[in-house]
Amino acid sequence: MKLREIMTAQVVRVRPEEPVGVAARLLTQYNIGALPVCGQDGTLRGLLTDRDIVTRCLAAGKDPKKTRVSEVMSSQVLYARPDMEANVAAHYMGRQQIRRLPVVENGRLCGMVSLCDLSAQEETAMEAGDALAQIGQALSSR
C-alpha cells in the first residue's frame, strides 16, 4: 500500500508570514496538532505544531498576534513521497520519533499521513503500533 492511498490530500496549511494566533485558531478549528507551512506556490517551508507555539512563542513571551509563523516553526522537516510504501513510512516515523509526516511531490505538499492513518489500515496497523511504542520509549527515557 502506497502513502497516496491513505494520506489526507486536503491539508489545512498556513503561510510563513501569517501571525501565530491565526495558526493557533486553525489548529483548534480543525482539531489537529500540526500545520504544514507552505509558500504561495505550495512548497513546504516548515511545520508548525501546537508544541512549537507553546515553547517558542508563548513561553518565550512573544505576542502571538505579532509573531510570524516563520519565527517559531520547525524548518527542518522530514517528509515522504506519495509512492513510499506505507509500512516503510511507519518504520521511518518510529525511527525518527515523529507522529505526522508531510507528503511532497515535485517539491509541493500533496498530503499528510499520521500514525493514526497508518494504524487504521490493516496492512500497517502493526508497524504503526511499533512506531508509537518507539516514540513512547524515547519520551520515557528523557
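Hi everyone, let me start with the surface: the protein exposes about 8100 Å², and carbon and sulfur atoms supply 48% of it. Those accessible areas come from the Shrake-Rupley method with a 1.4 Å probe, and for residues only the protein chains shown count as cover. Before we go on, please keep in mind that this is a predicted model, where local features need pLDDT of at least 70, side-chain atom pairs count only at pLDDT 80 or more, and totals for chains, interfaces and linings use all residues. Residues are numbered from 1 along each chain as its sequence is written, and side-chain values use heavy atoms, with hydrogens and water left out.

Now the overall layout. The protein has seven helices and four strands, in the order α-α-β-β-α-α-α-β-β-α-α along the sequence. Helices (H or I, at least four residues) and strands (E, at least two) are DSSP runs, numbered from the N terminus. Of the 142 residues, 42% count as buried. Buried means under 20% relative accessible area, exposed means over 50%, and partly exposed is in between, with a 1.4 Å probe and protein chains only. Among contacts (heavy atoms within 4.5 Å) with a separation of 6 or more, 55% are between residues 24 or more positions apart.

Let's look at helix α3, residues 50-58. Which of its residues are buried? They are Asp52, Ile53 and Cys57. They cover an arc of only 95° around the axis, so they sit on the same side of α3; the arc is that of the directions from the helix axis to the C-beta atoms. These buried residues pack against α2 (20-30), β2 and α4 (69-72).

Strand β2 covers residues 44-49 and contains Thr49. Thr49 counts as buried because its relative accessible area is 15%. Apart from neighbours within four places in sequence, Thr49 is in contact with Leu27, Gly33 and Ala34. For another threonine, go to Thr28 in helix α2. Is Thr28 buried or exposed? Thr28 is exposed, because its relative accessibility is 65%.

Next, strands β3 and β4. Strand β3 (residues 100-105) runs antiparallel to β4, and six bridges join them; two strands pair if DSSP finds at least two bridges between them. Leu101 stands opposite Val113 in β4. The hairpin has two residues between the strands, and Asn106 there has a positive phi near 55°. Strand β4 (residues 108-114) is mostly covered, with six of its seven residues buried.

That brings us to the nonpolar cores. A nonpolar core is a set of buried Ala, Val, Leu, Ile, Met, Phe, Trp, Tyr and Cys residues joined through side-chain atoms within 4.5 Å. The largest has 16 residues, and Leu3, Ile6, Met93, Leu101, Val103, Val113 and Leu118 touch the most other members. At least two residues of this core come from each of α1 (3-6), α5, β3, β4 and α6 (115-119). Helix α5 gives the most, with five residues. A second, separate core has 13 residues, including Val20, Leu26, Leu48 and Val69.

Helix α5 itself spans residues 86-96, and its buried residues are Ala86, Ala89, Ala90, Tyr92, Met93 and Gly94. After α5 comes Gln97, with a positive phi near 65°.
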